[in-house]
Amino acid sequence: MAGSGDGATAFSPDPLPMLPPGQHEVRDLPVMHYGPVPRRRPGRWDFRVDGATADGEASTISMTRLRHLTEVEVVAGLHCATRWSVLGLTWTGWRARDVVDLAPPRADVEEVLVFAEFGYAAVVRLEDLLAPDALLATALDHHPLTDEHGGPVRLILPRLYSWKGPKWLRGWTYLESHERGFWEERGYHRRARVWDEERYAYQE
Ligand SMILES: Nc1nc2c(c(=O)[nH]1)N[C@H]1C(S)=C(S)[C@@H](COP(=O)(O)O)O[C@H]1N2
Ligand SMILES: [Mo]
């Protein structure tokens with residue numbers, strides 16, 4: 001069960017428990033997103049992988065198949081590019097790299113467009129998706145994700161600013177050429193490493 005802790009690997013990669021440069025700490029996690037909260041349709045949720053896949057085929061991964069993956073826990077902060085951070089959140093879910101293994105990219109792929117309900121998307125480097133703390137999260141602080149915080153599944157990339165982690169995640173596209181997601185088109189950085197303060201596109 002999500003959040004029970006039994007059998008889950010808990011780890012917190014240094015220096016993530018600390019406040020990154022240019023951020024201030026808030027205690028309670030705000031709810032922040034563009035547009036409405038999607039209505040839950042548990043029977044209809046699946047995860048789509050398309051674009052430059054290794055076998056050239058798009059695939060759809062069911063929730064049942066994801067539940068067979070090893071569950072892990074990651075303790076990390078959530079860092080919004082508007083400068084607030086919440087530290088020490090416990091996320092439970094599946095490693096993004098395990099999902100990449102289920103439907104891998106072609107060898108030349110370097111970037112991935114991760115997408116959510118209603119067309120929200122963010123571009124991330126494949127190596128950031130393969131990081132050991134990159135998670136498809138289903139629970140926060142041992143409770144299933146609420147609708148407002150992105151349930152049933154959101155992406156958590158603790159080393160990147162939090163717009164790179166879509167709530168209401170629905171899939172990703174392996175890119176063959178440069179594309180930009182929602183915030184990258186609006187002046188934000190394509191890589192967005194928090195500890196290097198990669199906030200804005202003009203820094204690229
Ligand atoms: N689908 C979707 N995911 C999103 C966003 C969004 O607008 N749509 N906003 C991002 C931003 S900018 C932040 S700071 C975090 C906020 O997560 P929270 O509401 O759980 O605090 O969600 C990220 N994920
Ligand atoms: Mo944000």
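**Cavities and ligand**

Analyst: Happy to. The second largest cavity holds about 50 Å³ of space. A cavity here is a set of points on a 1 Å grid over the protein atoms alone where a 1.4 Å probe fits but cannot get out, and its volume is the space filled by probe spheres set on the points, which are joined across faces, edges and corners. This is a predicted model, where local features need pLDDT of at least 70 and side-chain atom pairs count only at pLDDT 80 or more, while totals for chains, interfaces and linings use all residues. Residues are numbered from 1 along each chain as its sequence is written, chains are lettered from A and ligands numbered from 1 in the order in which they are written, and side-chain values use heavy atoms, with hydrogens and water left out.

User: Which residues line the second largest cavity?

Analyst: Its lining is made of Asp 128, Ala 131, Asp 133, Ala 134, Leu 157, Pro 158, Arg 159 and Leu 160; lining residues have an atom within 4 Å of a point. By class, 5 are nonpolar, none polar and 3 charged. Ala, Val, Leu, Ile, Met, Phe, Trp, Tyr, Cys and Pro count as nonpolar, Asp, Glu, Lys and Arg as charged, and the others, Gly among them, as polar.

User: And how many cavities of 30 Å³ or more are there?

Analyst: There are 2. The largest cavity has a volume of about 80 Å³. Of its 13 lining residues, Leu 78, Ile 156, Leu 157, Leu 160 and Ser 162 are the closest to its centre. The lining of the largest cavity has 7 nonpolar, 4 polar and 2 charged residues.

User: Switching to ligand 1: which residues come nearest?

Analyst: Pro 30, Tyr 34, His 149, Arg 154 and Lys 167, out of 19 residues around ligand 1, counting those with a heavy atom within 4 Å. That shell has 13 nonpolar, 4 polar and 2 charged residues.

User: What does His 149 do there, in terms of distance to an oxygen atom of ligand 1?

Analyst: A polar side-chain atom of His 149 is 2.6 Å from a ligand 1 oxygen atom. On the backbone side, an N or O atom of Pro 30 lies 2.5 Å from an oxygen atom of ligand 1, and a polar backbone atom of Met 32 is 2.8 Å from one.

User: Last one: is Glu 184 buried or exposed?

Analyst: Glu 184 is buried, at 2% relative accessible area; buried means under 20%, exposed over 50%, and partly exposed in between, with a 1.4 Å probe and protein chains only. A polar atom of the Glu 184 side chain lies 3.4 Å from the backbone nitrogen of Val 123.

Methods:
On a 1 Å grid over the protein atoms alone, a cavity is a set of points where a 1.4 Å probe fits but cannot get out, and a pocket is an open set with protein on both sides within 12 Å along at least five of seven lines; lining residues have an atom within 4 Å of a point. A polar contact is a pair of N or O atoms within 3.5 Å; within protein, one must be able to donate a hydrogen and the other to accept it, and residues adjacent in sequence count only if both atoms are side-chain atoms.
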